[in-house]
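Hi,

Here is the structure I promised to pass on.

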Amino acid sequence: MKSQKILNDPVYGFITIPSELIFTIIDHPYFQRLRRIKQLGLTDFVYPGALHTRFHHAIGAMHLMSITLDNLRIKGTEISNKEYEAALIAILLHDIGHGPFSHALEYSLLKNVHHESLSFLIIELFNQELDGKLDLVLRIFKNTYERKFFHQLVSSQLDIDRLDYLQRDCFFTGVSEGTIGADRIIKMMDVKNDQVVIEEKGIYSIENFLSARRLMYWQVYLHKTTVSAEKMLIKLIERAKMLRKAGTTFTITDEFDFFLQQENTISDFQQKPDILKMFLEMDDLDIWGAVKLWKKHPDYVLNNISNMFLTRDLFKITLTNEQFSPEEIEEMKAKTIHKLSIPSDDIDFFFSHGAVSNYGYLAKDRINILTKKGKVIDVAQAADLPNIKVMSKIVEKHYVCKAKSLNLNY
């Protein structure tokens with residue numbers, strides 16, 4: 001039977017697809033598209049093994065959710081088969097709204113349209129096609145279902161999403177500092193007063209989890225080379241949008257061309273299903289195809305940045321704890337204009353500055369510890385964990401990145 005399909009995952013081994021409905025969703029073109037979107041965007045420029053996809057991550061998160069729900073049932077939490085399946089589908093589809101290059105282009109290809117909002121609209125689209133079978137999934141995803149702990153498992157500071165991506169990203173990047181004991185964390189999970197809690201004996205696993213996540217942000221997700229590559233990609237899209245709106249035509253996919261020309265808001269996606277369906281045709285390959293064609297484009301900004309990508313000649317980046325003054329920024333811009341021999345109007349395509357921030361733990365979105373006496377406390381209040389108090393501080397770093405040289409003879 002179809003529903004007994006088994007996948008072999010490099011992180012967890014064999015994963016069973018537990019129902020016909022879940023198999024139908026995985027087999028759908030909207031979901032299969034996730035095979036063509038890398039989980040870590042351009043991070044393989046730093047860690048060559050980081051080629052895993054959103055598809056890998058979604059299947060892995062579904063697997064961890066099934067283990068978690070089985071464990072909660074053993075501990076006495078009543079979970080119906082309908083709730084069980086809905087929770088698996090909610091985590092399976094939690095990232096379905098990501099576009100090409102995930103976070104890197106979330107605010108340039110689309111303006112202020114969060115992937116979570118698109119995920120919800122895509123689940124609604126699935127629900128229409130599946131005759132309302134995902135009603136409960138939508139309620140869990142949107143946190144309108146009365147049993148709130150299901151939403152916490154899908155989206156919180158200690159959700160199944162994070163447990164999978166930290167393990168998976170460690171595995172594929174080879175950054176062992178991010179290793180977490182996900183199995184132990186799941187075994188220590190329980191539900192008390194409709195809230196996900198961690199038994200007190202699992203507290204050091206939580207400390208390790210928070211510490212590992214913080215390390216992974218600085219070593220992988222916010223690695224300065226990745227930041228530089230992402231800024232280059234954003235500048236490339238900005239230039240392409242500018243040229244397209246001025247009447248330049250490109251040989252690119254129809255969907256990519258549409259989003260270069262249109263500034264679509266979330267209400268456009270809500271009111272016009274065709275725009276959402278067009279978005280669901282796009283993946284990393286639309287962008288890479290354009291980059292390969294643009295390396296010979298007559299526009300020097302497009303051809304230079306495209307060639308830089310293809311040869312890994314990335315913008316030089318400086319990352320510092322101190323904020324750059326406006327005078328320093330202007331001086332660096334002037335030097336870059338002179339060095340590259342470009343018009344001053346074009347400097348913003350080859351020069352970028354800003355800040356990246358990272359935190360280990362946000363106290364407003366609590367991780368609850370269940371003490372041996374049955375009391376529920378915030379993990380930051382646990383007696384001997386000063387580290388977590390330190391991790392609550394948001395650390396900000398400032399960057400400047402700029403092109404090192406240009407070929408103006410393409």
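Predicted model: local features only at pLDDT ≥ 70, side-chain atom pairs only at ≥ 80, totals over all residues.

Residues are numbered from 1 along each chain as its sequence is written, and side-chain values use heavy atoms, with hydrogens and water left out.

The sheet is open and antiparallel, with three strands in the order β5-β9-β6. (Strands are DSSP E runs of at least two residues, helices are H or I runs of at least four, both numbered from the N terminus; strands pair if DSSP finds at least two bridges between them.) β5 (316-320) and β6 (351-358) are at the edges with a single partner strand each, so one side of each has no neighbour in the sheet. Five bridges join β5 to β9 (residues 395-402), and Leu319 sits opposite Tyr399 in β9.

Now the pockets (on a 1 Å grid over the protein atoms alone, open sets of points where a 1.4 Å probe fits, with protein on both sides within 12 Å along at least five of seven lines; lining residues have an atom within 4 Å of a point). The largest pocket is lined by 48 residues, and His98, His103, Glu106, His115 and Tyr217 lie nearest its centre. α11 gives the largest share of that lining, five residues. In the second largest pocket, β4 gives the most to the lining, with four residues.

Cheers
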